[in-house]
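Colleague: Could you walk me through the salt bridges of this model? I have it open beside me.

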Amino acid sequence: MIANTQPRSDKTGPTLRGHSIDLDKVLKRSDVTFRHTKIICTMGPACWSVETVEELIDAGMNVARFNFSHGDHEGHAACLSRVREAAMNKGVKVAILLDTKGPEIRSGFFANGAKKIELKKGETITLTTDYEFKGDATKLACSYPSMATSVTPGQSILVADGSLVLTVLEADATTGDVKCRIENNASIGERKNMNLPGVVVDLPTLTDKDIDDIKNWGVKHNVDFIAASFVRKADDVVKIREVLGEEGKHIQVICKIENQEGLENYDSILKVTDGIMVARGDLGMEIPPEKVFLAQKMMIRKANIAGKPVVTATQMLESMISNPRPTRAECSDVANAVLDGTDCVMLSGETANGEHPKAAVSIMAHTCAEAESAINFDGLYQAVRNSVLQSYGFMSIAESVTSSAVKTALDIQAKAIIVLSQSGNTARLISKFRPPMRTLVLTPFESTARQCAGVLKNMSAEVVESNPNTNFLVGEAVKILTGKGWISSGDVCVVVQGENVGIEGSTNTMRVLKV
């Protein structure tokens with residue numbers, strides 16, 4: 001994909017999107033080796049061996065996700081060892097993401113050893129907050145102690161990912177019982193998830209299990225990201241950082257927005273988080289499913305303006321858990337997320353327990369590359385810049401320098417941008433303005449390199465020893481870029497750095513370099 005050769009529009013008025021798409025672009029494959037959008041893969045039995053993880057890396061995996069809703073510390077540690085071995089074998093940066101289980105509401109167990117119960121439309125069922133109660137088709141336990149005081153008559157309760165819909169008829173705070181009408185025929189098993197759309201749930205964002213997982217696995221094993229489930233307010237992020245402590249302060253927090261309360265507090269959450277995950281599964285239970293795409297576009301746009309990486313997740317290629325090819329609708333979903341501005345897309349069951357994990361990653365990578373080929377990066381740069389100024393009225397010094405660097409690179413058709421960064425903040429700001437050319441980040445820290453290469457759009461990263469001589473560091477970058485075949489003699493690059501190399505937050509210099 002050579003996006004920076006797309007013609008600029010001299011028109012002053014708006015035109016329909018897609019003017020750069022012609023028959024040649026439709027029929028010709030884009031260069032998947034130069035893909036901007038990053039891919040997160042969930043680890044599981046389908047990718048248990050070092051060899052399989054290597055296949056996922058070759059296909060396009062950038063981040064390995066460990067889902068702590070399942071498994072134990074020992075099993076996850078063994079898988080982590082295999083992921084890191086595979087990354088070392090391939091000589092690439094693979095970031096590690098710990099996804100917390102978070103608070104949850106589940107139905108209870110059944111009486112007489114039953115595995116399933118059959119529920120009939122129009123009949124009633126009582127939910128009890130006595131979780132020791134063994135249920136049947138007339139009464140069922142619920143793990144949420146405040147259920148009877150949280151819901152009111154007329155509200156819906158969704159069970160088992162929405163396969164069962166209940167309508168509240170009565171709620172008795174004294175007994176803790178909630179009488180409901182069954183709205184559809186359903187067969188459900190034990191311990192199914194329950195959602196209360198529109199209800200402010202009285203549960204902590206971080207459970208005792210989450211705190212233990214973060215402290216005694218995440219920090220211990222030096223993960224790169226915490227994906228925090230069911231974040232509902234900015235204070236939740238503050239609590240997570242307290243749990244991470246001094247030892248884990250380098251670990252970045254990605255907030256999963258999964259309910260209406262999280263949406264309502266999105267702006268304040270965005271200010272304090274390192275990244276956002278548009279977690280469409282539970283979100284589609286909490287708000288009407290036909291509204292999820294609007295929530296996705298809103299969250300991605302605001303994250304783009306803030307310069308915070310955003311992940312789009314859930315059911316992206318769901319059919320590939322069992323099928324060798326995705327549906328056309330699934331590919332369109334992935335492509336539209338890319339066009340919306342997502343930095344990353346995520347695979348869950350497709351790689352964790354699917355039958356075609358490598359194919360799922362490969363098709364995801366190709367779909368992202370094809371979507372990126374339809375983007376006019378000149379127009380995208382200007383759109384981001386205008387939106388930032390409209391939202392904030394000004395830019396910081398570092399942001400202005402990085403914005404100018406991307407604009408200069410576009411104007412002179414530079415082959416690459418070189419970024420010298422300590423914390424990764426400069427790289428994040430460069431990524432914010434969506435450069436179409438190769439962008440290489442040099443940093444002295446392994447964790448910064450993994451984070452930049454893992455979730456920042458169009459960022460590659462390498463670790464080099466800290467050196468006050470910027471010319472030496474730039475020379476090292478040129479060697480790396482040349483060795484990869486990304487630039488050659490006579491090409492022009494743009495360099496972004498701080499005047500005081502090695503000091504975080506000192507970015508104030510942009511220069512043009514001819515190789």
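Modeller: Gladly! A salt bridge here is a side-chain nitrogen of Lys or Arg within 4 Å of a carboxyl oxygen of Asp or Glu. This is a predicted model, where local features need pLDDT of at least 70, side-chain atom pairs count only at pLDDT 80 or more, and totals for chains, interfaces and linings use all residues. Residues are numbered from 1 along each chain as its sequence is written, and side-chain values use heavy atoms, with hydrogens and water left out.

Colleague: Which lysine forms a salt bridge with aspartate 340, and how far apart are the closest N and O atoms?

Modeller: Aspartate 340 sits in helix α11 (residues 328-340), and its partner is in helix α10 (residues 292-306), so the pair ties together parts 43 residues apart in sequence. Helices are DSSP runs of H or I, at least four residues, and strands are runs of E, at least two, numbered from the N terminus. The partner is lysine 297, and the closest N and O atoms are apart by 2.6 Å.

Colleague: Is aspartate 340 buried or exposed?

Modeller: Buried means under 20% relative accessible area, exposed over 50%, and partly exposed in between (1.4 Å probe, protein chains only). Lysine 297, at 37%, is partly exposed. Aspartate 340 has 18% relative accessibility, so it counts as buried.

Colleague: Which strand holds lysine 256, the partner of aspartate 99?

Modeller: Aspartate 99 and lysine 256 form a salt bridge with closest N and O atoms 2.8 Å apart. The pair links distant parts of the chain, 157 residues apart, with aspartate 99 in strand β3 (residues 95-99) and lysine 256 in strand β13 (residues 252-257). Both residues are buried, and the strand you asked for is β13.
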